[in-house]
Amino acid sequence: DQKKSCAEFSTESITDSSQEIATSINDEISDDSHSQASTKMCPPIKISFKHPSGPRVIKAKSSAVEKRRKSMPKSLPKDGSLSLQPDRCNQLVKYLPRCIDCKTFECEDFDIQDYCCRFQNFRLLSYAGKWNVGGFCLDKNCVINETWLPRKITNSRRCDRITAKYILQCTGNAFLKIVDQELQAIKEKDKESIYIKPSADGYRELCDVCKTSIFNFHWTCKYCGFTVCKECVQESNIQNSDNILNCISWLKCGKNQKLHTIEKLILTEIIPLKAIHKLQSMLSTYNKRTPSTTSPVFDAESSDPPFQNICDGKLILLTDPDHSSNISLFHKKWINNEPVIVSGVQQNINQTIWKPSYFIKNFATATCDVIDCKTGAVITNFQKDKFWLGFDEYQARPKMENESAAILKLKDWPPLADFRDIFPDGYNDIMSAFPLPELTRRNGSLNLAANLPSNCIKPDLGPKMYTAYGSGAFPDSATTNLHIDMSDAINTMLYVSWAFNDDGKGLILEDLDYEDCDESQIKRVTEHGEVPGAIWHIYSPEDVGKIRIFLEKAYSNQRRFPQSDPIHDQCYYITRDQRKNLYEEYNVKGWAILQCLGDAIFIPAGAPHQVRNLNNCIKIAEDFISPEHINQCLKLTEEFRKLSDLHNNHEDKLQIKNILYHSIKEALSKERTASNI
């Protein structure tokens with residue numbers, strides 16, 4: 001059966017351009033040289049899989065599978081009419097051209113079941129004595145359904161009308177700018193020959209060059225399905241010369257083993273052009289009718305919740321994690337890109353399941369990768385029980401080559417699986433304890449990521465566990481180096497133990513002053529008896545440029561790879577002396593934040609930050625996407641796209657433009673229900 005697509009197609013009328021495509025492809029089917037060239041397709045390392053982790057299920061090829069590859073589905077008509085390709089290329093007759101993915105995994109020994117064919121439900125086939133390619137689906141022949149448009153009636157209780165108004169106010173201009181950029185990428189003469197490729201359920205459409213998620217307009221090779229985004233085309237990355245450096249990341253076409261050129265690619269879309277125009281028009285109409293307000297979500301007359309001023313009065317610490325007015329005061333700081341701290345979260349969790357003894361009993365049988373915080377080296381296949389046994393007992397820690405006790409970090413646990421699947425009790429416990437659920441829950445009304453439809457791949461926003469030994473004896477050694485996250489985040493301290501038993505308490509107190517903590521935070525330890533866990537240094541997103549210049553100058557003698565970045569590489573920890581120089585030379589001063597047991601720190605998207613665990617800490621982090629910081633998410637997506645292909649942050653997993661589109665759509669659904677737009 002064919003997958004349900006996001007638009008219905010009429011194949012009765014095909015334009016001359018589509019007929020030309022079909023003729024050129026069918027000429028290749030009977031050309032022996034094409035079949036020979038196809039066997040020399042680029043190696044699998046160059047393939048951009050639609051699934052973020054690539055093919056996962058590999059099964060031995062059965063005789064039934066082999067038989068299917070030599071036949072066509074009986075449901076396809078043989079009367080010469082056009083039909084959408086119903087299956088993967090390698091399940092069809094062999095003389096039809098294969099897409100990159102189908103060709104790569106068509107071998108004698110294996111059949112890969114979990115990848116996405118690039119021509120399925122996109123290419124048209126017809127029968128005239130033999131099967132031929134009949135072109136591709138045209139945008140002008142598609143009928144839009146409500147997948148891409150606001151619903152006339154919505155029964156969603158997740159987001160009320162006031163919240164919808166606020167989301168539109170924060171994100172509307174960013175969306176209209178993206179639409180303008182999309183429309184500027186196509187020429188007027190090309191609008192009649194735009195081909196539409198429905199999104200495949202459970203897969204992300206990726207650019208084969210920059211590996212960024214494709215929002216809508218892109219270019220596709222009609223022979224092999226090679227895909228390039230509009231940004232790469234606009235940057236003139238397609239080369240017709242022998243410039244190997246510029247061409248190294250481009251796949252060669254199976255037709256003639258030549259590099260793809262823009263002239264040979266067809267303009268393709270995922271979202272129907274009519275839907276883009278419709279949503280643009282509805283939002284513009286809404287903006288004309290609705291005056292802008294400062295913060296319609298929040299009750300301006302509500303009293304402030306209990307809080308303390310920290311960082312010399314520049315930041316706030318909310319002291320009641322369940323107070324109903326937290327969101328109002330939080331917003332006043334959050335909209336200015338300031339981090340916010342909420343204390344007392346430990347009162348709302350089951351503390352017995354967040355102790356090392358619990359993890360030793362339930363999760364210590366397997367191996368994992370840990371990081372040596374002193375050197376940054378990754379230690380693979382490390383026994384989890386050894387990590388946990390040394391967590392509270394300094395003498396039980398594994399020794400390094402110089403016989404000193406290791407300072408280890410277990411990062412991003414679980415690394416691949418959903419936290420909810422691996423540790424359901426912990427997931428339910430922490431999600432119910434997180435403050436400001438409007439933002440921190442997966443279905444939170446202000447968490448824009450919740451608006452992605454069920455058929456889209458949800459970005460892995462956590463929660464994830466971050467566990468590390470304390471490094472109080474090493475003041476210039478980071479637990480996490482300076483970096484930037486492309487989404488907002490909450491990081492909550494669930495367990496703290498002294499890194500060096502009672503003998504190390506004096507050393508930790510010295511650290512608080514060394515790390516530039518203000519007096520109000522030091523008193524939390526000296527007067528109120530709270531257990532210090534970690535020191536954070538967070539900087540404003542507005543200071544990113546100055547920090548980048550400072551680091552490039554400070555480490556100018558170090559060799560760096562092309563397309564690297566001193567912040568995104570996450571290689572540096574700004575020490576106390578460097579922080580002083582950063583302020584004196586560039587007038588940049590961050591916030592030094594002490595995180596004690598039960599503290600939840602909200603970090604804005606785009607804010608550079610670094611962390612040093614004073615004591616042994618178990619922390620849980622959850623990412624979310626707030627309306628206020630959508631522009632920072634978009635900016636970071638573009639920055640990450642330009643990093644090296646080998647960079648850890650290169651691949652776009654957030655799909656921020658898709659999230660923005662569906663957030664606008666869902667918010668307008670509320671307005672469409674309440675008013676006539």
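Asp565 and Arg548 are both buried, where buried means under 20% relative accessible area, exposed over 50%, and partly exposed in between (1.4 Å probe, protein chains only). The two residues belong to a predicted model, in which local features need pLDDT of at least 70, side-chain atom pairs count only at pLDDT 80 or more, and totals for chains, interfaces and linings use all residues. Residues are numbered from 1 along each chain as its sequence is written, and side-chain values use heavy atoms, with hydrogens and water left out.

Asp565 pairs with Arg548 in a salt bridge, with 2.7 Å between the closest N and O atoms. A salt bridge is a side-chain nitrogen of Lys or Arg within 4 Å of a carboxyl oxygen of Asp or Glu. Arg548 sits in helix 17 (544–554), and Asp565 in the loop between helix 17 and helix 18 (576–586), so the pair ties together parts that are 17 residues apart in sequence. Helices (H or I, at least four residues) and strands (E, at least two) are DSSP runs, numbered from the N terminus.

The whole structure holds 24 salt bridges. One of them joins the side chains of Glu192 and Lys140 (3.6 Å, N to O). Glu192 lies in the loop between helix 5 (161–184) and strand 8 (195–196), and Lys140 in the loop between strand 6 (131–136) and strand 7 (142–144), so this contact ties together parts that are 52 residues apart in sequence. Lys140 is partly exposed, at 41% relative accessibility.

Lys333 and Glu338 also meet through their side chains in a salt bridge (3.5 Å, N to O). Glu338 is buried, at 17% relative accessibility. Elsewhere, a network of salt bridges links Glu515, Asp516, Arg576, Arg579 and Arg612.
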